[in-house]
Amino acid sequence: MKQVYDITKWFADKLDVHDDLLVRFVKPHRDRRWAACFGDKALDWNMVCLGRKFFDRWYEHPARLIKHILHELCHDGGVKHLQEKFEDRAFWHGANSVMLAFLQGNKIPHFRLVKKHQREHG
Ligand SMILES: [Zn+2]
């Protein structure tokens with residue numbers, strides 16, 4: 001979970017959403033269907049919905065992890081799914097992530113694990 005924490009913080013910082021984003025791992029008792037949630041400068045990961053394996057073996061599905069992070073960062077400031085701003089942000093976060101990967105890919109925390117996994121498992 002520390003690795004997912006670091007990666008979440010890195011994207012929030014580099015995409016200029018929040019350099020002081022609070023990242024939490026929660027186990028909600030009710031309404032467990034949401035994977036992650038953003039609100040009030042905090043991103044909550046739902047451990048009940050995603051399961052421990054999602055966090056421990058994130059390097060097997062890095063795009064899924066990044067997709068969740070970018071989606072949640074689009075909610076910054078209370079922006080909702082159907083607002084035009086949400087879609088606009090999604091495209092900008094996607095485009096900026098490609099540029100970050102191109103220019104700073106080696107600095108993404110723990111991504112050496114993705115490369116190692118790809119080498120070993122194709
Ligand atoms: Zn959402």
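Tutor: This is a predicted model. Start with glycine 94, which counts as partly exposed because 15 C-beta neighbours lie inside 10 Å. Glycine 94 is found in helix 5.

Student: Is leucine 100 buried, partly exposed or exposed?

Tutor: Leucine 100 is partly exposed, because it has 16 C-beta neighbours inside 10 Å. The cut-offs used here are 20 or more for buried and 12 or fewer for exposed.

Student: How should I read the packing of two helices, and at what angle do helix 4 and helix 5 pack?

Tutor: Read the angle, the distance between the axes and the handedness together. Helix 4 and helix 5 pack at an angle of about 135°, and their axes are 9 Å apart. The two helices are therefore oblique to each other. Helix 4 passes helix 5 in a right-handed crossing. On the helix 4 side the contact is made by Ile66, Leu70 and Leu73, and on the helix 5 side by Ala90, His93, Gly94 and Ser97.

Student: How do helix 1 and helix 4 cross?

Tutor: Their axes come within 10 Å and cross at roughly 45°. That makes helix 1 oblique to helix 4. This crossing is right-handed. Helix 1 brings Val4, Ile7, Thr8, Phe11 and Ala12 to the contact, while helix 4 brings Leu65, Ile69 and Leu73. For leucine 65, contacts beyond its neighbours within four places in sequence are with Val4, Ile7 and Trp58.

Student: What is the general idea behind a nonpolar core, and how many residues has the largest one here?

Tutor: In soluble globular proteins, nonpolar side chains tend to be buried together. In this model the largest nonpolar core has 16 residues, and those with the most contacts inside it are Val4, Phe11, Ala12, Leu15, Leu65 and Leu73. Two or more residues each come from helix 1 (2-14), strand 3 and helix 4 (62-73). Helix 1 gives the most, with 4 residues.

Student: Now the sheet. In what order do its strands lie?

Tutor: Strands of a sheet pair through backbone hydrogen bonds, either parallel or antiparallel. Here 3 strands form an open sheet in the order 1-3-2, and the pairing is mixed. Strand 1 (22-26) and strand 2 (36-39) stand at the edges, each with a single partner strand, so one side of each is left without a neighbour in the sheet. From one strand to the next, the twist averages 20°.

Student: How many bridges join strand 2 to strand 3?

Tutor: There are 4, and strand 2 and strand 3 (residues 42-46) run antiparallel. Cysteine 37 has aspartate 44 of strand 3 as its bridge partner, and alanine 36 stands opposite tryptophan 45 in strand 3.

Student: Where is aspartate 16 placed?

Tutor: Aspartate 16 is in the loop between helix 1 and strand 1. Although not a glycine, aspartate 16 has a positive phi of about 60°. Aspartate 16 is exposed, because 12 other C-beta atoms lie within 10 Å.

Student: And what is the phi of aspartate 31?

Tutor: Phi of aspartate 31 is near 45°, a positive value in a residue other than glycine. Aspartate 31 has its place in the loop between strand 1 and strand 2. With 9 C-beta neighbours inside 10 Å, aspartate 31 counts as exposed.

Notes:
Residues numbered from 1 in each chain as written. Predicted model: local features only at pLDDT ≥ 70, side-chain atom pairs only at ≥ 80, totals over all residues. Pairing = 2+ DSSP bridges. Axes fitted to C-alpha atoms, helices over the stretch in contact; angles between N-to-C directions. Core = buried A, V, L, I, M, F, W, Y, C linked by C-beta atoms within 7 Å. Contact = placed C-beta atoms within 7 Å. Parallel < 35°, antiparallel > 145°, perpendicular 65-115°, else oblique. Left-handed = near helix turned anticlockwise from the far one by under 90°.
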